[in-house]
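I opened the model today to look up a few local features. My notes are below, in the order I took them.

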Amino acid sequence: MADGVGGAELVSVAGYAAADRLFDGGTVLCDGAMGTMLYARGVFINRCYDELNLSQPELVREIHAEYLQAGAEVVETNTFGGNRFRLGQHGLQDQVRAVNVAGVKLARECVNQIQEKQACEAFVAGSIGPLGVRLEPLGKVGLEEAQEAFAEQIRALVEGGPGVGVDLLIVETMTSLTEAEQAILAARSVAPGVRVVVMMTVDEDGNCLDGASAETAAIKLTEWGADAVGCNCSAGPATVLSVIERMRPVTTLPLAAMPNAGIPRAVEGRTIYLTSPEYMASFTRKLVKAGASIVGGCCGTTPSYTRAMKSSLRALGAMEGGIEVMQRNGTGKATTIKESKVSPPPLAERSKIGSMVAAGEFVTMVEIVPPKGIDCSKELDGAAQLHRLGVDAINVPDSPRASARMSAQSLCVQIQQHVGIETILHYTCRDRNVLSIQSDLLGASSIGLKNILCLTGDPPKLGNYPNATAVFDVDAIGLVNVVRNLNYGLDIGNNSIGESTGFSIAVAANPGVQDMDQEVRRFAFKVEAGAEYAITQPVFDMRVLEEFLRRIEGFRIPVIAGIWPLTSLRNAEFMKNDLRVSMPDEIMARMATALTPEAGRLEGVKIAQEMLAEAKPMVQGVQVSAPFGRYGVAADVLGLSGDDEEGLVA
């Protein structure tokens with residue numbers, strides 16, 4: 001083989017074919033910050049983090065393992081500062097090879113272990129950061145010297161070849177295009193067979209720190225031979241998203257996006273990143289839609305961010321795997337590579353509820369919670385009497401508060417078969433992987449259940465079996481995507497199921513949640529995914545409902561308001577303090593004046609009736625809960641009970 005920079009042997013192209021999958025247009029999730037995790041474990045910032053590969057290998061190994069367990073497909077070696085200049089700041093300039101080889105070994109051990117245990121594919125990327133010195137003409141270090149420093153590190157990272165050295169190289173947080181070019185030249189000189197991802201860091205305006213625009217960076221990096229280009233770190237996900245949107249039209253290469261968790265803040269002597277995992281996950285979806293296919297996190301991100309991003313990608317994959325499988329091209333447009341030959345019936349033809357929602361009629365629903373045992377005679381009797389009184393449908397929750405109860409699907413079937421009233425099946429993601437979800441939904445459609453309320457589900461720790469394992473392959477957004485695809489006759493693998501499942505698709509909304517921005521963002525995603533109407537959590541403050549409806553005007557779908565008749569002051573306190581429902585002080589005061597159980601029930605019904613009257617002009621229906629199985633109370637709220645309906649009250 002020919003010699004490279006400094007006389008080193010070239011690394012052959014052969015053997016690196018496995019890593020090509022990372023560049024074939026699919027979406028790849030990389031890990032998050034290493035430095036943030038080390039700092040959180042008590043390693044001071046004046047330490048050389050790269051040297052920990054030698055002195056504290058188990059610490060580094062644990063962090064790699066956590067990211068892999070959180071869903072990362074690519075882990076970066078702990079070698080961001082593993083070049084002679086940065087190591088020289090700690091007197092370790094002679095340890096370049098040792099630090100980098102050790103870093104690769106630790107990451108490779110973790111990747112091999114998870115591949116053996118979980119039979120999944122994972123990769124090791126060699127992390128290469130800036131040299132930490134100024135290059136000519138602004139500094140004393142020449143371009144050839146810089147290239148040799150990069151080449152020295154890269155030789156160590158690829159040492160041993162495929163399966164031993166790294167699978168790819170990630171040149172990241174580059175502040176200067178000139179320095180990025182030297183890194184690419186070094187990689188092509190000593191390791192031409194290894195794929196190279198190059199990411200710039202930018203200011204708040206989306207320009208490189210040397211003044212080059214995002215568009216110029218993408219064009220130049222493409223010309224110089226990078227295999228993927230993009231942006232990392234910077235001022236957070238919003239800034240990185242803008243850069244990806246600017247890069248997409250000017251390069252055909254895969255794009256990489258690894259933002260940090262926002263701009264750090266100093267809080268009580270500690271550096272804190274305030275962007276939440278959920279916020280980062282929402283931008284992951286946007287980054288992929290903008291054209292990024294390699295995504296991950298930078299400073300401030302942890303395995304919790306990786307886990308949230310993984311969930312977001314699964315949700316997006318569920319959508320794109322069916323009706324709209326996207327293939328990015330150099331124009332930034334998304335082209336459909338396979339469309340379903342099946343279309344669902346119009347909403348008005350799928351079910352009675354679908355027909356009423358489509359026609360703009362006011363819908364009345366009552367929630368009936370499944371029993372804890374196998375006897376559902378009380379629930380069937382309640383449903384029958386509510387049906388006779390004129391309630392339009394029965395809502396059946398899916399093990400609410402993570403409790404162990406009769407399956408919602410079973411009770412729905414029995415109500416429809418024995419009573420004849422239509423049901424809305426609450427379906428949660430908590431207990432099921434995507435295979436089980438599809439099986440359940442196909443079965444539900446085949447036995448006549450046509451209305452699905454898509455929910456993420458309460459975590460098991462809230463229930464009476466806190467050690468139960470949650471699944472959460474997808475969240476509510478992903479579930480909507482799955483249901484919509486089934487309506488188009490496609491499973492998540494884009495395979496035909498023959499015909500439409502014909503579901504009407506409902507989603508939940510919580511107008512009283514503290515983080516309204518996050519709730520509105522998620523609601524928009526649900527609508528985009530295919531939601532056709534929404535049912536809210538219990539509303540006691542009409543100002544909250546009005547504000548929520550105002551915030552969703554741009555993507556409004558029919559909204560059915562949740563009404564919960566209170567039974568006592570203690571019940572109101574539970575709703576306010578345990579369930580975090582927005583509860584006005586005046587309602588608390590009114591319930592406090594009810595000194596007997598009957599007085600509490602009557603006052604609760606009166607408040608609920610007032611809420612219904614006030615909400616009715618704003619919404620397309622109401623769902624009334626039956627507190628503690630008291631179906632007569634729900635009927636009273638709807639104004640449906642008569643003197644002969646005492647048997648409805650449990």
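**Ground rules.** I am working with a predicted model, in which local features need pLDDT of at least 70, side-chain atom pairs count only at pLDDT 80 or more, and totals for chains, interfaces and linings use all residues. Residues are numbered from 1 along each chain as its sequence is written, and side-chain values use heavy atoms, with hydrogens and water left out.

I looked up the strands (E, DSSP runs of at least two residues, numbered from the N terminus, as are helices, H or I, of at least four). Eight of them form a closed barrel with parallel pairing, in the order E13-E14-E15-E16-E17-E18-E19-E20. From one strand to the next, the twist averages 25 degrees. Pairing here requires that DSSP finds at least two bridges between two strands. Leu425 has Ile452 in E16 as its bridge partner.

**Helix H16.** Is Gln438 buried or exposed? I found Gln438 in H16, which spans residues 434–446. Its relative accessibility is 10%, so Gln438 counts as buried (buried is under 20% relative accessible area, exposed over 50%, partly exposed in between, with a 1.4 Å probe and protein chains only). Leaving out residues up to four places away in sequence, Gln438 touches Val482, Asp491 and Ile492 (contact means heavy atoms within 4.5 Å).

Asp440 is also in H16. Asp440 has a relative accessible area of 23% and is partly exposed. Beyond its neighbours within four places in sequence, Asp440 contacts Gln409, Tyr427 and Arg432. Gln409 is 31 residues from Asp440 along the chain, and their C-alpha atoms are 8.8 Å apart.

**Helices H6 and H7.** At what angle do H6 and H7 pack? I noted about 50 degrees for H6 (residues 143–158) and H7 (residues 177–190), with axes 8 Å apart. Axes are lines fitted to C-alpha atoms, for helices over the stretch in contact, and angles run from 0 to 180 degrees between N-to-C directions. H6 and H7 are therefore oblique to each other (under 35 degrees is roughly parallel, over 145 roughly antiparallel, 65 to 115 roughly perpendicular, the rest oblique). The residues in the contact include Phe150 and Ile154 of H6 and Leu185 and Val190 of H7. By class, the contact of H6 with H7 has ten nonpolar, three polar and two charged residues (Ala, Val, Leu, Ile, Met, Phe, Trp, Tyr, Cys and Pro count as nonpolar, Asp, Glu, Lys and Arg as charged, the others, Gly among them, as polar).
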